[in-house]
Amino acid sequence: MKIAPSILSADFAALGEAIARVEAAGADLLHVDVMDGHFVPNLTIGPPVIESIRKRTRLPLDVHLMIEEPERWVETYIKSGADYVTVHVEASAHLERTLTLIREAGARSGVALNPSTPPEVLQYVLDDLDLVLVMSVNPGFGGQSFIPSTYEKIRRLRAMLADRPVLVSVDGGVKADNAGPLAQAGATVLVAGSAIFGAPDPGAALVALRSASEVLRRA
């Protein structure tokens, strides 16, 4: 199981320190939420912050674009340091073209599915994907409660992907008590914000989350 701390829940006044703590604890990726106030009702960060993060860590940056017309910004975010760029099905009118653009610009391509979006919308782009992000809350804000139907969606998605080497990531309300069932359903990346950065010791929280994800797998 890969753990991707979501910096949306970190203290932005001490972001470099927060990143260093989770990197030292064994984080696999950093999840970076970009919101435009249009596709989702919130605003976060842009390319300059990602450039700064890139200078402070060796971890791959998983940049989640919760923005309208993401194809207009793909190359900018990749030049800023994104290793993965994830766009929403609902935001990209020409999804295959956008995924191709991401790969041609030198990053790995991802697609996010909102809670009400079925995995079958990906049927004709399965071979264009490196990552699928299953939203287990409605996008836009951290700290929301996990939506239980996510488990079945992951199982359906995993069956569709078959043996393709595509990461299945889950974002929203991920905690130690659902990490094991998510792993059992087929998730391979857990995105966690408040569960990590809201803990007194983010590094210990990350280790505990990974351990919890492995309990059912070992059983």
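**Exercise 1.** List the residues that Arg 210 touches, not counting residues up to four places away in sequence, and decide whether Arg 210 is buried or exposed.

*Solution.* 
- Contact means heavy atoms within 4.5 Å. Arg 210 touches Met 1, Lys 2, Ile 3, Gly 26, Ala 27 and Asp 28.
- The model is predicted: local features need pLDDT of at least 70, side-chain atom pairs count only at pLDDT 80 or more, and totals for chains, interfaces and linings use all residues. Residues are numbered from 1 along each chain as its sequence is written, and side-chain values use heavy atoms, with hydrogens and water left out.
- Relative accessibility is 19%, so Arg 210 counts as buried (under 20% relative accessible area; exposed is over 50%, partly exposed in between; 1.4 Å probe, protein chains only).
- A polar atom of the Arg 210 side chain lies 2.8 Å from the backbone oxygen of Met 1.

**Exercise 2.** Where is Thr 188 found, and which residues does Thr 188 touch?

*Solution.* 
- Thr 188 is in the loop between helix H6 (176-185) and strand E8 (189-192).
- At 24% relative accessibility, Thr 188 counts as partly exposed.
- Leaving out residues up to four places away in sequence, Thr 188 touches Met 1, Lys 2, Arg 158, Leu 167 and Val 168.
- Take Arg 158: 30 residues from Thr 188 in sequence, 10 Å in space, C-alpha to C-alpha.

Technical notes: A polar contact is a pair of N or O atoms within 3.5 Å; within protein, one must be able to donate a hydrogen and the other to accept it, and residues adjacent in sequence count only if both atoms are side-chain atoms. Helices (H or I, at least four residues) and strands (E, at least two) are DSSP runs, numbered from the N terminus.
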